[in-house]
Every structure is written in C-alpha cells, then in structure tokens.
Amino acid sequence: METLNTGLARHEDSMPDPNAQTLARLQRVMALVAGQRPDLAEDILEDLPTETRDFAIVEIMAFAASEWTQRGQTLLLQIENPQFYSTARGYYIESVVAEAGLDAALQELEDTNRLEQRLGSPGVLALADALASRGRLQDALEIIQQGAADDEVQYNTQLNALVVGLINDGSVADAESILTYFRDPVRQSIATSAVAAALSMNGGTAQADAAFSQALATMAAVDSPEARFCVFDSLLRNAVDADRADWAVAAARNVSPLPADLAVALGMIVERGAGRLTEDQWRPIVHEAIALLEGQCMATPAARGRLDNSWSQLAFAAARAGDPILALSLNARISDPGWQAQDLSLMISNLIDDSKLQTAFDLLPRLTDMDMRAQGYILLAEVADFSGMTVLGEEAIRMAYALVDGSNHVWLSDETIGNLAQYEARMGNFQGAEMRIRGLTNSELQARAHIINLGFAAVNGSQGDFETYLAIVQNEIDAIPDVGLQHELLRRLAMELIAAGRAEPALNLAGAIEEGTAKDVFLSNVTAILLSHREFALADEAITGMSDPGLRDMQQHQVLLAALRASFSE
C-alpha cells in the first residue's frame, strides 16, 4: 500500500496541469481517509491550495484516528475558511468524546474555540448525548442552542436527535421532559408521538395516551395541510410501531376535515400496517374509507382524477394487507380503464416482489391487457425459478408461451418479446432466444436483446456459442445508422463482456470507433468498468489507446488510485 501511495505521489508531481494535479491529490486524500490511513492523507496537505486543503482536512477529520487531541488541534490550526473550520471542529469534538470522554471533549471545545464560531453538528450531537447520559439535560440543551444559534431548522433537528437518542437509551422520561423546548410544532408533534410510542411499549398506557393526545393536538394546530400530512405520516409510523391502531385512526381524523383526505389517511394506515395490523384491525378501516369515497362527487374531470387516485391507493393497501379479492374490487372502481390496468399490473408486480407468487398467479388472468399479462407471467416464472417454486414457474412460463406462440396467440410488444428472449437465454436456450430476437421491430431493442443473449452465452455457453453470438451482436451494432447510439451499445456490450469475464474482447471494440474523441470516451468508460472488476492490467492497456495525453494522465492516476483502494481490503 505504501508503494502504491508513493507511486501516486510521483505521478501527481509529474502532472503538467495544476488543476488536474490538485484534483488528483484530493482524490488520494479521500482514498486514504476511506482506507483508515488519515496519517498518510495529512502528508498531502502542504501540497494543496488553501481552499482545497481546508476541504481535505474536513474529510480527514470526519474519520476517527488515534491521538486526536494532539493531531486534531494541529490540523484545525491549518484551516482558514470559517465554515470548514466549524465543520472540522465538529468532527474533532465528536472523536474526542468517543475516545477520551466528555470531560476531555469539553476542554477541547474551549481550547479550539475561534472567535465564538459555531460547532459543527457532529460535535454538538456527541456532546449533547454525552451530557444527557450524565443527567445534565440543561447543559445538553445549551450546547444545542449554541450550536444552532439562530438556525431554527438546525436547532429543532438536533433537539429531535437528542430525543431519539434518549428514547433509544431507555431514558424516555428525560426525552419527554424536553419536548416543550421545540420551536417548531411539526417537529414537536413527531417527537411527542415517538415518546408516546416508547411509553406504550414500556407499559405506560395512561402516560402514552396523554402524550399521543398532545401530539394530535399539536398536529391539528399546524396550518398547512401538506405539513399536517407530513406529521401524520410520522405519527402513523409510531402508532403502528406501538401496536396502537386506535392512535393511527385518531391521527387520521385530525389530518383534514375533508372526507376524501380522511379516506386517503385511512388507506395509509392499512398500507403502512400491512403485516402488523390484524385483519380485525385493518378491515374496518378499509370499509370506513370505502364508505367515505362512495359519497364523493365526480362532477368534474379533476374530481374524477382525485377519486380514482383514492381508489387506487386503497386498492394497493388492501393488496398489501393480504386480500387480493378486495383489492380487485377496489381497483374496479377506478373510472379510467388505462389507469385501472396499469394499477392492476403494478399490484401484481408488487405481490411478486413480496414473494406472494401464487396470489399473483391467480390474479394475472384478470389483466385484460394481454401484453401486461404476458409480462407478468414471464416475471413470475423468473422469480418462481429463483425461489425454488419449479412447478409454479413452469406453469407461468407455459401461460406466457400460450400468449406468444399458442393457437390463440395475441400481438405483444417488442419489450415483452425481449423479456421472453432474456428468460430463454437465462435458461440456456440461446438459439431460441436468438430466433425470437430477430422478430423484434425496434432495432435498438433488438441490439440490446442480442447483447443480453451474448452475456448469458459468454458465461454459460461454449466457446463456439460465444463467438457466434458476439459476431451477431457486432453486425447488429454496425448496421445502426445513429453513430451516438452505436457508441452507447458498444459501451453496453463492453460492460456485458467484462462482467462475463471476457475483458480482452471488450478492449477490441474500440477499433469500431473511428473518431478520436469518441474513442477516448469509450476507452475511459471501459477503464472505469475494468477497474470496478479489479482488472488493473487490462485497464492500463485500455489507457494506452487514448489519444488525449491529459486524459491518459488522469486515467493512469485512476488506475493507481483504484489499486490503492483495493490494497486496503487485502
């Protein structure tokens, strides 16, 4: 690692462009810091311009290191920019709290004070937490006040962090005692509901009810409907965490006097509580929301749009709660057929993502859009195969083939056919995928599908398969008239080849690009991809083909830098 670091320093010294040299040195600082070698990063500081040096010191101070009391002060003394000084000092104090304790940190706070500058947030929070843990709540509040000065957002944010820290430490009573210090009713309401949830989970039902009632009262006093919904979202999360559906419903009733808004809020309860609320808890909430929506007027297009949105949200909530039949009936209430179909398709995709594969399979026949239905079956087959549900996967792909190739086959989009070809390629049927890809009408999608087929052949096929499908892909790309698209597809092909462990053919693709700047851009992209796969020697080879000496210089630095980063994990 030291050898690489020395090599990088020599390379930076040889750079003719001062701006490129500064950027390269800063990148090395950040790499060394990320590798937990701030000592080596400090050695670079004297070679940086003032503003860049100040920023670099902040990066160094953001990571804990040994002997902070001595080295931290030395670094702070080098900073000229007041804002950078404040931030770096905050990181420094945070480290001293962690390493040397509260008393040492308070002394350092005094020793590093420069013209009454504010302390950066990390230091404020570390000191406030440490003081609060010793029972010095007033001192903790004073630290927050001094750190925030007249910044109300920062003050309320840091006070909220203190409340959360106290709750997590089990000091719920202390957290409750400082709620009145909030200056923002939104933050106060959210923090109060968090305290209420903690009290409820600790068995303090009466205290919890009182705290949540206070949170509701504070929320109700917020003027902005948008802000009230923001507060409600947090109150809802805390209510669900505390297993208090009654609180969630009470909060919903305080969001807005409008029935449509209440229905939306009730739907949010069901969706957020999916898997946690019992059927006896969530079903009455859904039925109340339905009753509210049934009474809404659809006299104007805007009103219909709002109502469709409400039905949509409620349908998704019911699906997540575990009742797809109810979800279907709610989806059917949407007046816009296109919206209805898109929602049902997305609902099925969500069920697949949630591993509710049989439910998704049962719902797919309800999709009247055959293209969406076919896509659903293909996706379901892929996930079922990965999940070990072989029988269901086979049935799903059989249904997809019936739509594509069966006696009653229907028109399907290029995207859907491409998805099926990808499925076939993944299963090792490269020839079948190739035949299907040839039927695509969109040349760009066709080329991308060929690249994907090649990727699977490169990993799972024979050398003959690889050579055959590589030639096909290259011919397809050569036939595309748009030069910019050609270059993008070549970059995509290079990514696929490198990911498949076929990096050397990826380098040869540069020969298909005639214009010098475009070739340099392609080789830069290939270099970055090779470095992400730790192919350092091949990345060096890619750089030799670049025509721009400045770009070549910077890319060589990136290779050394990547090797340095890799050395930290060895």
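How many Å should the 16 residues of helix H17 span, at 1.5 Å a residue? Let's find out, keeping in mind that this is a predicted model.

**Stop 1: helix H17.** Select residues 279-294 and look along the helix from end to end. At 1.5 Å a residue, H17 should span 22 Å, and the C-alpha atoms at its ends are 22 Å apart, so expectation and model agree.

**Stop 2: the buried face.** Now show the side chains of Trp282, Ile285, Val286, Ala289, Ile290 and Leu293, the buried residues of H17. Turn the view until you look down the axis of H17: these buried residues fall within an arc of 140 degrees, so they line one face of the helix. A rule of helix geometry is handy here: an α-helix has 3.6 residues a turn, so residues three or four places apart point the same way.

**Stop 3: the cover.** What lies over that face?

**Stop 4: a cavity.** Next, select Phe316, Ala319, Arg320, Met347, Asn350, Leu351 and Asp354, the lining of the largest cavity. Two elements, H18 and helix H20 (337-353), each give two or more residues to this lining. The space inside is about 30 Å³, and a search of the whole structure finds one cavity of 30 Å³ or more.

Stop 5: Finally, zoom out and colour by the domain assignment: domain 1 is 184-239, domain 2 is 256-335 and domain 3 is 480-569. Between the C-alpha centres of domain 2 and domain 3 there are 51 Å.

Notes
Residues are numbered from 1 along each chain as its sequence is written. This is a predicted model: local features need pLDDT of at least 70, side-chain atom pairs count only at pLDDT 80 or more; totals for chains, interfaces and linings use all residues. Side-chain values use heavy atoms; hydrogens and water are left out. Helices (H or I, at least four residues) and strands (E, at least two) are DSSP runs, numbered from the N terminus. The expected span of a helix is 1.5 Å times one less than its number of residues. Buried means under 20% relative accessible area, exposed over 50%, partly exposed in between (1.4 Å probe, protein chains only). The arc is that of the directions from the helix axis to the C-beta atoms. Domain bounds come from an automatic or database domain assignment. On a 1 Å grid over the protein atoms alone, a cavity is a set of points where a 1.4 Å probe fits but cannot get out, and a pocket is an open set with protein on both sides within 12 Å along at least five of seven lines; lining residues have an atom within 4 Å of a point. Grid points are joined across faces, edges and corners, and a volume is the space filled by probe spheres set on the points.
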